[in-house]
Amino acid sequence: MKISGITVWQIELPLSKPYWLSGGRLKFEAIDSTFVRIDTDEGISGWGEGCPWGHTYLPAHGPGLRAAIGVLAPALVGRDPRALDDINRAMDLQLPGHPYAKSPLDIACWDIIGKMSGEPLWRLLGAEKAAAVAVNSSISTGSPEEMIALIHDASAKGYRTHSAKIGGIDITADIERIDAISAALPEGEQVTFDVNRAWTPGVALQVLNAVSARDWIEQPCETLEQSALFASKVPQPIMLDECLHSFQDHLEAWRVGICQGVKVKPNRVGGLTRARHIRDFGVSVGWQMHIEDTGGSAFADTATLHLAASTPDANRLASWLCHAHLAIDPVPGQGARNSAGLVRVGDAPGVGVTPDPSLLGDPVAAYGDVA
Ligand code: MG
């Protein structure tokens, strides 16, 4: 089997309402998504989606993703899409780094393997049975009262795990947010306080030793090295997200003993092949993981949920669904959706979501022979 052609679409995904991260320093109103379809000489096609969360969240952005695909795609035409490790090595040889651009191409190859074998991705990712995955809310930065109101709204929709976005230079405001939200949390529900890199190590030490909350603290500082300066001096479990780009970064986080959990996001690390290596490493060292993507439609959410649904219960926390924040739905009627706080992937082969090209507009690029 050979890749015969690759087609690329771009679609702007407006959020249903503006969203603030990192104490309000980062604002998002729309995200830029890229869909790819890989066609093969045997008539089977696979789909992938790559969608950075804006351009201020990670060293990634929509136009950059498509420019990188322009470099990567010609090197993949003619190759066997089933040879995932060779596909990823070929992409790394063609363009070092840029994992976010490789992710949709890697996922499309996984989709092809699933369709060829008749198996859903969760089975190919190692599970006997797909778990029902808890979904977590994502609570935009605001005053404690505003954030608690959003948590109560999410609880009413069945969410039992929340990601509350905090962070900033006002130490008192963060101490108030953390303790007020932790105290107001409905019985049996969990919260992670996601700082999105906003603190310096000194601020982290001050805030985390002042609060009485013992909930997870996520990505407190910009870098792994900064988090290492205080991680052993605070009582809360630490989760890392944006500072982890490669398997080596995860190995370093474990070696230094910085965190008890990580976010595994295929778009941040280069696709499902790399995300699976990291998930398996995380299981072996006892990390607890949120497995979700950086952004995108129900396609991107579903592709990643196959990895979440194939992860042992003890190592899986919850997954965020980006599509729940969008004003439009490019894959209507398809994909995993929130049902009273749980989400399930189906048994359809591959990702189990086949986008309708007529809903994506005209292709923006094509490589090789495309259908
Ligand atoms: Mg995060």
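**Exercise 1. Count the disulfides in the structure.**

Solution. The structure holds 0 disulfides. A disulfide is a pair of cysteine sulfur atoms within 2.5 Å. Take cysteine 243 next. Its closest cysteine sulfur belongs to cysteine 259 and lies 8.0 Å away, too far for a bond. Then take cysteine 322.

A note on the model: it is predicted, local features need pLDDT of at least 70, side-chain atom pairs count only at pLDDT 80 or more, and totals for chains, interfaces and linings use all residues. Residues are numbered from 1 along each chain as its sequence is written, and side-chain values use heavy atoms, with hydrogens and water left out.

**Exercise 2. Decide whether cysteine 243 is buried or exposed.**

Solution. Buried means under 20% relative accessible area, exposed over 50%, and partly exposed in between (1.4 Å probe, protein chains only). Cysteine 243 has 11%, so it is buried. Cysteine 322 has 0% and is buried too.

**Exercise 3. Find the protein donors of the magnesium ion.**

Solution. Donors are N, O and S atoms within 2.8 Å of the metal (3.2 Å for Na, K and Ca); water is not among the atoms, so sites may look incomplete. Along the chain their spacing reads D-x23-E-x22-D.

**Exercise 4. State the relative accessibility of glutamate 218 and aspartate 241.**

Solution. Glutamate 218 is at 0%, so it counts as buried. Aspartate 241 is also at 0% and counts as buried.
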